[in-house]
Amino acid sequence: MRVLILALYILKGDKILSPFCIVALLAILLSSCEDKKNKVGALYTGPVEVVNDVQVKYSEQGKMKVLMKTPRSLRFQNETQIFPDTVNISFFDSLSTIVTRLRSDSGRYDKSSDIYIVKGNVKVVMSESNQIMYTSELNWSPRTRKIFTDKPVAIRKVGSPEVTNGVGLDAEQDFTSIKFRKGTGVYKLNPSSQ
């Protein structure tokens, strides 16, 4: 502070600057120091990697089991990946034929729990059983090869009024076996076949 006043005194010569000028200069000096301090202390929390046109493939014994495609992936410091755009996943059988297709609005991969989570208008088309499943969120564990959710689920048989509703679901990754945690349904019974 004394150095600043002395410097101002030297710059002005024998005349002393008005107190208003000194206060104004001090305010400018202190505010510029404050801004630098804040900028240095701020940590970057954004993505450390951005990848476009992503394809993630999982295979077992050389045979494709799962293929995930999404336009963009953001990887963060904690190894979590965010897929902010549409996620499309294909599940394959032992003959490498697509048996199930999944589509969602977005997704993410949680490295700490090794689970993929897809969210928003999740639609699963199961070609072998001719069914379509709708939900708001699904989880997939590559380690256990299981699909699960705690959210409401609806499965409709294509070309039929049959609907199975439930809250919560556990399934094999190719949806060949599905177990509802709490389920209800609407089914058409044919009385002539009794």
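The second largest cavity has a volume of about 30 Å³. A cavity here is a set of points on a 1 Å grid, over the protein atoms alone, where a 1.4 Å probe fits but cannot get out. Grid points are joined across faces, edges and corners, and the volume is the space filled by probe spheres set on them. The model is predicted: local features need pLDDT of at least 70, side-chain atom pairs count only at pLDDT 80 or more, and totals for chains, interfaces and linings use all residues. Residues are numbered from 1 along each chain as its sequence is written, and side-chain values use heavy atoms, with hydrogens and water left out.

Val56, Tyr58, Val66, Met68, Ile89, Tyr116 and Trp140 line the second largest cavity (lining residues have an atom within 4 Å of a point). Strands S1 and S2 each give two or more residues to this lining; strands are DSSP runs (E) of at least two residues, numbered from the N terminus. The lining divides into 7 nonpolar residues, no polar and no charged. Ala, Val, Leu, Ile, Met, Phe, Trp, Tyr, Cys and Pro count as nonpolar, Asp, Glu, Lys and Arg as charged, and the others, Gly among them, as polar.

The whole structure holds 2 cavities of 30 Å³ or more. The lining of the largest cavity holds 9 nonpolar residues, 1 polar and no charged.

Aromatic side chains were examined next. The structure holds 7 aromatic pairs. Rings of Phe, Tyr and Trp (its six-membered ring) pair if their centres lie within 6.5 Å; planes under 30 degrees apart are stacked, over 60 edge-to-face, and the rest tilted. The ring centres of Phe91 and Trp140 are 6.4 Å apart and the planes stand at 80°, so this pair is edge-to-face. Phe91 belongs to strand S4 (residues 87–92) and Trp140 to strand S8 (residues 131–141), so the contact ties together parts 49 residues apart in sequence. Both Phe91 and Trp140 are buried (buried is under 20% relative accessible area, exposed over 50%, partly exposed in between, with a 1.4 Å probe and protein chains only). Tyr109 and Tyr116 have ring centres 4.5 Å apart and planes at 40°, so they form a tilted pair. Tyr109 and Tyr116 are likewise buried. One aromatic cluster takes in Tyr58, Phe83, Phe91, Tyr109, Tyr116, Trp140 and Phe175.

Charged contacts complete the picture. There are 10 salt bridges, each a side-chain nitrogen of Lys or Arg within 4 Å of a carboxyl oxygen of Asp or Glu. Arg75 bridges to Glu49, with the closest N and O atoms 3.1 Å apart. This pair links distant parts of the chain, 26 residues apart: Arg75 in strand S2 (residues 63–75) and Glu49 in strand S1 (residues 49–60). Arg75 is partly exposed at 22% relative accessibility, and so is Glu49 at 33%. In the bridge between Glu172 and Lys146, the closest N and O atoms are 2.5 Å apart. Glu172 lies in strand S10 (residues 163–172) and Lys146 in strand S9 (residues 146–157), again 26 residues apart. Relative accessible area is 29% for Glu172 and 34% for Lys146; both are partly exposed.

Technical notes. Helix = DSSP H or I, 4+ residues; strand = E, 2+ residues; numbered from the N terminus. 1 Å grid on protein atoms, 1.4 Å probe; cavity = no way out; pocket = protein on both sides within 12 Å on 5 of 7 lines; lining within 4 Å.
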